[in-house]
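Please consult the sequence and the structure shown below while reading.

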There are 2 protein chains.
Amino acid sequence: MRAGSKPATKRKAAAATSEAIFADLEKRLQQHVGTRVRIIGKAGAGKIEIEYFSPEDLERILQLLRLPSG
Amino acid sequence: MRAGSKPATKRKAAAATSEAIFADLEKRLQQHVGTRVRIIGKAGAGKIEIEYFSPEDLERILQLLRLPSG
């Protein structure tokens, strides 16, 4: 079934590309933020987890996010 | 046991204060980021979860974090 298998192969390739992009993004975010960062999910929907290991980490992350102090 | 109960009361009060501060922080972060945000843990260690519901959300969050494009 050539006609049927082609889209499946394309989907697989697209998924692999997306995974590679997200692995790279996760790595870059981690280096940027300076703590452990995980991206769970994919392009359509998901979540970014940023870990902090001290109040100073938390403070730094909030500053990175430019949260106005309130 | 007055001497024993006092620290426990203080700990309870401190925990309640910390919870209130974190609930407020979570709310402010959520308004700032514009998607669902959760803070899991407390001051010492934990994680911030930032959800995204579209590629545009993700892009915006990364811009907020000032991630250099690579």
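In what sense, parallel or antiparallel, do β1(B) and strand β2 of chain B pair? In this predicted model, the pairing of β1(B) with β2 (residues 46-52) of chain B is antiparallel and extends over five bridges. Within that pairing, Arg38(B) has Glu49(B) as its bridge partner in β2(B).

The two strands belong to an open, antiparallel sheet of four strands, ordered β1(A)-β2(A)-β2(B)-β1(B). From one strand to the next, the twist averages 20°. Between the chains, β2(A) and β2(B) run antiparallel and are joined by seven bridges; Ile50(A), for example, has Ile48(B) as its bridge partner.

| Helix | Strands touched | Angle |
|---|---|---|
| α2 (residues 55-64) of chain A | β2 of chain A, β2 of chain B | about 135° with β2(A) |
| α2 (residues 55-64) of chain B | β2 of chain A, β2 of chain B | about 135° with β2(B) |

The interface brings 34 residues of chain A into contact with 34 residues of chain B. About 2800 Å² is buried between the chains, and carbon and sulfur atoms give 62% of this area. On the side of chain A, Ile48(A), Tyr52(A) and Leu65(A) lose the most area to chain B, together 25% of what that side buries.

Polar interactions also link the chains: there are 18 residue pairs in polar contact and two salt bridges. A salt bridge joins the side chains of Glu49(A) and Lys47(B), at 3.3 Å from N to O.

Note on methods: Residues are numbered from 1 along each chain as its sequence is written. Chains are lettered from A and ligands numbered from 1 in the order in which they are written. This is a predicted model: local features need pLDDT of at least 70, side-chain atom pairs count only at pLDDT 80 or more; totals for chains, interfaces and linings use all residues. Side-chain values use heavy atoms; hydrogens and water are left out. Two strands pair if DSSP finds at least two bridges between them. Axes are lines fitted to C-alpha atoms, for helices over the stretch in contact, and angles run from 0 to 180 degrees between N-to-C directions. Contact means heavy atoms within 4.5 Å. Buried area is the accessible area (1.4 Å probe) that two parts lose on being put together, summed over both. A salt bridge is a side-chain nitrogen of Lys or Arg within 4 Å of a carboxyl oxygen of Asp or Glu. A polar contact is a pair of N or O atoms within 3.5 Å; within protein, one must be able to donate a hydrogen and the other to accept it, and residues adjacent in sequence count only if both atoms are side-chain atoms.
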